[in-house]
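Biologist: I am new to this one. Could you walk me through it by question and answer?

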Amino acid sequence: MVQLPEARDLAPRLATGAFILNSGLTKLRADQATAEAVHGLACVAYPFLDRIPAERFTRLLACSELAVGGALLAPFVPTRLAGLALTGFSGGLFGLYLRVPGMRQEGSLRPTQDGVPMAKDTWMLGIGLGFLGAAGRRRRAAAARYRHSVHCRRRHRGRCRC
């Protein structure tokens, strides 16, 4: 049985999913100069990526964004699984913000003017981490409902007056 996302998870899933999906669609149509710029920035933070050609890297990044954005937008993907994908993806992007020189003010996590567009990845990381706790919320709520029903059956002989 497919469990649909809770109402409180819909807005962040839709907003974040649409944002990431749009970014992936844009990168799919990237020209050579854009691909080299995206790849160059990624190589500053993650030097091992210089072994991958710029166009291939940008295409892989676009496909990753499409997969993560699609997972967030698809109601049949459990929120916790979508949160895992979002946390991994945004964690890598947040690493760019932390590692690329000039993105943060000296000795601080506060962004420079150039770093503001990359600092937005902190909210995606926060949303992803929040989604990872979704299963725990449901389990606690189910346990509370169970305790309440047991209490009412004992006290009121099966008829809940609460």
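Biologist: Which residues in H6 do Thr-79, Arg-80, Gly-83, Leu-84, Leu-86, Thr-87, Ser-90, Gly-91, Leu-93 and Phe-94 in H4 meet?

Modeller: Bear in mind that this is a predicted model. A contact here needs heavy atoms within 4.5 Å. By that test, the H4 residues you list meet Asp-121, Thr-122, Met-124, Leu-125, Ile-127, Gly-128, Leu-129, Phe-131 and Leu-132 in H6.

Biologist: Is H4 roughly parallel or roughly antiparallel to H6?

Modeller: The axes of H4 and H6 (residues 121-132) are 7 Å apart, and the helices pack at an angle of about 150°. Angles over 145 degrees count as roughly antiparallel. Therefore H4 and H6 are roughly antiparallel.

Biologist: Is the crossing of H4 and H6 left-handed or right-handed?

Modeller: The angle of about 150° describes how H4 and H6 pack. For H4 and H6, the crossing is left-handed.

Biologist: How many helices are there in the protein?

Modeller: Read from the N terminus, the elements run α-α-α-α-α-α-α. The protein has zero strands. The number of helices is seven.

Biologist: How far apart are the end C-alpha atoms of helix H2?

Modeller: Helix H2 covers residues 32-45, which is 14 residues.

Biologist: Which helices do the buried residues of H2 pack against?

Modeller: The buried residues of H2 are Ala-35, His-39, Ala-42, Cys-43 and Ala-45. They lie on the same side of H2, because they cover an arc of only 155° around its axis. These buried residues pack against helix H3 (54-73) and helix H4 (79-99).

Biologist: Is His-39 buried or exposed?

Modeller: His-39 sits in helix H2. Leaving aside residues up to four places away in sequence, His-39 touches Leu-49, Asp-50, Ile-52, Pro-53, Ala-54 and Phe-57. Its relative accessibility is 10%, and the cut-off for buried is under 20%. So His-39 counts as buried.

Biologist: Which residues of H1 are buried?

Modeller: Helix H1 has 22 residues, 7-28. The buried residues of H1 are Asp-9, Arg-13, Thr-16, Gly-17, Ile-20, Ser-23, Gly-24 and Lys-27.

Biologist: What share of the 162 residues in the protein do buried residues make up?

Modeller: Buried residues turn up in H2 and in H1. Over the 162 residues of the protein, the buried share is 35%.

Key
Residues numbered from 1 in each chain as written. Predicted model: local features only at pLDDT ≥ 70, side-chain atom pairs only at ≥ 80, totals over all residues. Heavy atoms only, no water. Helix = DSSP H or I, 4+ residues; strand = E, 2+ residues; numbered from the N terminus. Expected span 1.5 Å × (residues − 1). Buried < 20%, exposed > 50% of the residue type's maximum accessible area, 1.4 Å probe, protein only. Arc of directions from axis to C-beta. Axes fitted to C-alpha atoms, helices over the stretch in contact; angles between N-to-C directions. Parallel < 35°, antiparallel > 145°, perpendicular 65-115°, else oblique. Left-handed = near helix turned anticlockwise from the far one by under 90°.
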